[in-house]
Amino acid sequence: MDFCHRSARWLVLALIMLCSGCAANSITGRSQLMLVSEDAAVKGAVSAYSNMMGQYSKKDQVETGTPRAARVKEITNRLVAEAVRFRPDSSGWHWEVQVINDPKVVNAFCMAGGKMGIYTGFWEKLKASDDEIANVMGHEIGHALASHTREKMSVAMTVGVGSALLAVALAGRNSNNSSAYPAAQNTVAVAAALAITLPNSRDAETEADQIGIELAARAGFDPRAAVTLWEKMAKQGGTPPEFLSTHPAPENRAQRLQALVTQVDPLYQRAKNKTAGPLPDFIGQPSNEYVVGSTTREEYTARVSAEPEVMTFMAAEFERFRKGEVILTCSYECALGYGFQRGNWKSLHGKKQWRELAVAVVKTGYLNDLSYFLLGEAAMGLGFRDVAKIYYTRALDARNADRSCEGAFNTCEEFDIPQRIAAALGRPGAAAAQKQ
Ligand SMILES: [Zn+2]
């Protein structure tokens, strides 16, 4: 399994002693090196973004009040309205988008916490359509949702900046009161600024492609535009934009995008043929005045995130889970991944992010009672009671077969598994029977 950013893999063993430096991403299930907390990453990005926009603003390069700027805001708002379906916490981000007037530059970005920018080269040089803009912004939003900037900041801090800054970063990471660590905040801001200049890994690009094309399709933008945009951009010379970075041969990517188009086209057709209700305004207002009609961000997010939808590229794992077909077999090679991930599973459980929990457990594949128990909990949480029974039973079987999380170096994340299974299945005697 791919359990950490490749260039930081050497660091992983050292990190076991220091902290749980990896966390499974709640959108993709992939484990990432995460030394920088979400909160610190967002604050760092906010500061890097405001510096950047301040400089563009001085040069009068921030485009406001044009039809183009208004359209970009509308497009990104529709994308964010789909993003919160899969990452409900992102509805609380201070999403912002600016059009940067530099007709020679074809580039776009989305930092941690939803701070976005797009350069006017997209219109001036590429004559990009709204569908194409939606696909490029979807791709960039995909990077933010999958915490790729945070991952890059973590890598920047460890690989490039050295152990002194790592210590500062860890202080920032463990601090709830970040103002007590101004140095850490500055370091994070520098890492945030640096992170947008670093290329993403190929895994990250693949994830952003998958997430982006799906957000666009669900928001009613033609996924085919990802392919046409790609072709237009590939013809451009000069510095490659983010969207073109770190990829294998261009033909491969065009083919992969084409395959994704086939997968998400039904979502696009569905979105095109239904009239969307009024969406709350997610972009650019920092207080709680987002009421459009009668739907607030919070109400809207609670409604859509409760709908039984799963991202297409997670659908295979999720379907196996939903049918009760998951059989875990991995004992050794995923033990380390399991060690890193189980704390994150506990937090997904606490936040009732059942789909993400199920997919993360399935992707890790580690055979023990805790894994099966959590699949049972996820099934129960989603209302699949019969499926939950299957996984709870497998958890008890694993336990009886000596695959228990209760070991000398192990922990069950404070779950009393037999007792909780007995309670969930409504058989009060089962816990006692298990212990014999
Ligand atoms: Zn990218």
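Predicted model: local features only at pLDDT ≥ 70, side-chain atom pairs only at ≥ 80, totals over all residues.

Student: What holds the strands of a sheet together in general?

Tutor: Strands of a sheet pair through backbone hydrogen bonds, and the pairing may be parallel or antiparallel. In the present case, Phe 109 stands opposite Gly 117 of S6.

Student: In what order do the strands of the sheet lie?

Tutor: The order is S3-S4-S6-S5 in an open sheet of 4 strands, and the pairing is mixed. Strand S3 (62-63) and strand S5 (108-110) each have a single partner strand and stand at the edges, so one side of each lacks a neighbour in the sheet.

Student: Which helix packs on the sheet and touches S3, S4, S5 and S6?

Tutor: That is helix H2 (residues 38-58), whose direction makes about 30° with that of strand S4 (96-100). Helix H5 (residues 130-145) also deserves attention, for it lies across S4, S5 and S6 and runs at about 35° to S5.

Student: Is Cys 110 buried or exposed?

Tutor: Cys 110 has a relative accessible area of 4%. Buried means under 20%, so Cys 110 is buried.

Student: How should I describe the way H5 meets helix H9?

Tutor: One considers the distance between the axes and the angle at which they cross. The axes of H5 and helix H9 (residues 202-218) come within 7 Å and cross at roughly 125°. That angle makes H5 oblique to H9. As for handedness, H5 passes H9 in a right-handed crossing. The residues in contact include Ala 134, Gly 138 and Gly 142 of H5, and Ala 204, Ala 208 and Gly 212 of H9.

Student: How many residues of H15 are buried?

Tutor: Helix H15 is mostly covered, with 10 of its 11 residues buried. Among them are Trp 354, Arg 355, Glu 356 and Val 361. The elements that cover these buried residues include helix H3 (67-86), helix H12 (297-306), helix H13 (315-322), H14 and helix H16 (369-381). Just after H15, Gly 365 takes a positive phi of about 75°.

Student: Where does Lys 352 lie, and is Lys 352 buried or exposed?

Tutor: Lys 352 is found in the loop between helix H14 (335-350) and helix H15 (354-364). Its relative accessible area is 60%, and exposed means over 50%, so Lys 352 is exposed. Lys 352 and Glu 377 are 25 residues apart along the chain, and their C-alpha atoms are separated by 9.4 Å.

Student: How many disulfides does the structure hold?

Tutor: In general terms, a disulfide is a covalent bond between the sulfur atoms of two cysteines. The structure holds 2 disulfides. One of them joins Cys 330 to Cys 334, with an S to S distance of 1.8 Å, and both Cys 330 and Cys 334 are buried. Another joins Cys 405 to Cys 412, with an S to S distance of 2.1 Å. Both Cys 405 and Cys 412 are buried.

Student: What is the handedness of the link between Cys 405 and Cys 412?

Tutor: The angle about the S-S bond is 105°, and the link of Cys 405 and Cys 412 is right-handed.

Conventions
Residues numbered from 1 in each chain as written. Heavy atoms only, no water. Disulfide = S-S within 2.5 Å. Buried < 20%, exposed > 50% of the residue type's maximum accessible area, 1.4 Å probe, protein only. Pairing = 2+ DSSP bridges. Helix = DSSP H or I, 4+ residues; strand = E, 2+ residues; numbered from the N terminus. Contact = heavy atoms within 4.5 Å. Axes fitted to C-alpha atoms, helices over the stretch in contact; angles between N-to-C directions. Parallel < 35°, antiparallel > 145°, perpendicular 65-115°, else oblique. Left-handed = near helix turned anticlockwise from the far one by under 90°.
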